[in-house]
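Hi,

Here is the structure I promised to pass on. Have a look at it first, and my notes come after.

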Amino acid sequence: EGYGGEAAAALRSDIDLYRKQLDAAIQHCKMSLWDFDIKKRCIYQRNHSIEMHGLVSMIENVPDSLIQSGYVHPASADALLEMYRQLLSGEPKVEGVFRVRNAEQTGYWWEKITYLTEYDACRRPVRAIGFYTDITEHMLVQQELKRMSLQKELLAQKTLLNMVIDFTSGR
């Protein structure tokens, strides 16, 4: 019996170490994890997710409450509703990119949210594991590249237009 107790203690120690390593890796990657109860439409956040999002530990009436509270940027509301529609219908994996309010409530940032659905014995969706990645920097770079491309295109059109004007005026 003494040996069994030692083995259980060693196993608990290994699990605790594994959890600490997983938490450190998640924080390093600017990620967060949470659970979504499909039947209750509730999100249950872990501490790191609460810190990152500035929301309470249990969020009810998801996704409607996230939109109504202003947490989700209005431009992302329809896409968020569609992602949750797919999740509630039992899709095994859903994901999307959304603008959401930062924890300080001073502005918005970009998140890529992914859900992996878990099923009961009858293959009904019961819960999903959600996680996000902060892709704000990536989105800002993409926006700047798009702006530069548009600027280059407009400059080329203006130059072409000037050449056409110069040729037709006889100069």
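This is a predicted model: local features need pLDDT of at least 70, side-chain atom pairs count only at pLDDT 80 or more; totals for chains, interfaces and linings use all residues.

Residues are numbered from 1 along each chain as its sequence is written, and side-chain values use heavy atoms, with hydrogens and water left out.

Aromatic rings first. There are five aromatic pairs (rings of Phe, Tyr and Trp, the last by its six-membered ring, with centres within 6.5 Å; planes under 30 degrees apart are stacked, over 60 edge-to-face, the rest tilted). One of them is Trp-34 with Tyr-115, edge-to-face at 5.9 Å centre to centre and 85° between the planes. That pair links strand S1 (residues 31–37) to strand S5 (residues 108–119), 81 residues apart (strands are DSSP E runs of at least two residues, numbered from the N terminus). Tyr-115 is buried at 0% relative accessible area (buried means under 20%, exposed over 50%, partly exposed in between, with a 1.4 Å probe and protein chains only). Trp-109 and Tyr-132 are also edge-to-face, with centres 5.5 Å apart and planes at 80°. Ring pairs join Trp-34, Phe-36, Tyr-84 and Tyr-115 into a cluster.

Now the cysteines. The structure has zero disulfides (cysteine sulfur atoms within 2.5 Å). Cys-42 is buried at 5% relative accessibility, whereas Cys-122 is exposed at 54%.

Best wishes

Key
Helices (H or I, at least four residues) and strands (E, at least two) are DSSP runs, numbered from the N terminus.
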